[in-house]
Amino acid sequence: MNVVNVNERAAQLPDAWRSQVLGLVGTAAVKVLRMDGRELEGEVHGTAEVLFVVDGLLELDVEGEELTVTAGELSRVPAGARHAVRAGSRGTLLIVEVPEEV
């Protein structure tokens with residue numbers, strides 16, 4: 001069994017907003033990234049995502065609904081949902097990419 005310090009791994013990433021896969025759980029990819037306050041354009045994925053804020057704050061817009069996700073909270077973004085990061089998002093984000101069941 002491996003122990004991963006998520007905050008340390010995020011701090012070691014060379015670029016903010018570029019995730020790194022920590023491992024797989026079944027078919028789900030567990031990733032970490034560092035947020036730096038910048039706004040990011042909207043995007044759509046073919047997989048659902050669970051966004052867990054380890055520390056800091058995630059300002060999110062999902063299909064036009066503004067959400068604020070704080071440390072210890074998570075938000076699930078369904079596959080195919082347009083989502084964007086609003087300015088002010090900072091800290092460490094753990095992402096679980098969950099393929100939709102067929």
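These legends accompany close-up views of a predicted model.

A note on the model: residues are numbered from 1 along each chain as its sequence is written, and side-chain values use heavy atoms, without hydrogens or water. Because the model is predicted, local features need pLDDT of at least 70 and side-chain atom pairs count only at pLDDT 80 or more, while totals for chains, interfaces and linings use all residues.

View 1. The chain has 1 helix and 8 strands, in the order α-β-β-β-β-β-β-β-β from the N terminus. Its radius of gyration is 13 Å, close to the 13 Å that the globule rule gives for 102 residues, so the chain is as compact as a globular protein of that length. Here the radius is taken over C-alpha atoms, and the rule is 2.2 Å times the number of residues to the power 0.38. Helices (H or I, at least four residues) and strands (E, at least two) are DSSP runs, numbered from the N terminus. The C-alpha trace spans about 40 × 35 × 25 Å along its principal axes.

**View 2. Strand β8 and two antiparallel partners.** Follow β8 (residues 90-98) here: 8 bridges join it to β2 (residues 28-36), running antiparallel. On that side, L33 has L93 as its bridge partner. Antiparallel pairing also links β8 to β4 (residues 48-62), through 9 bridges, and L57 is partnered with R90. Two strands pair if DSSP finds at least two bridges between them.

**View 3. Two loop residues with positive phi.** Most residues other than glycine have a negative phi. W17, in the loop between α1 (6-12) and β1 (20-25), has a positive phi of about 65°. Its relative accessible area is 15%, which makes W17 buried. E63, in the loop between β4 and β5 (65-70), has a positive phi of about 50°, but E63 is exposed at 55%. Buried means under 20% relative accessible area, exposed over 50%, partly exposed in between (1.4 Å probe, protein chains only).

**View 4. Inside the largest pocket.** About 280 Å³ of space lies in this pocket. Of its 17 lining residues, L33, E43, H45, E49 and I95 are the closest to the centre. A pocket is an open set of points on a 1 Å grid over the protein atoms alone, where a 1.4 Å probe fits, with protein on both sides within 12 Å along at least five of seven lines; lining residues have an atom within 4 Å of a point. The volume is the space filled by probe spheres set on the points. β2, β3 (40-43), β4, β7 (83-85) and β8 each supply at least two lining residues.
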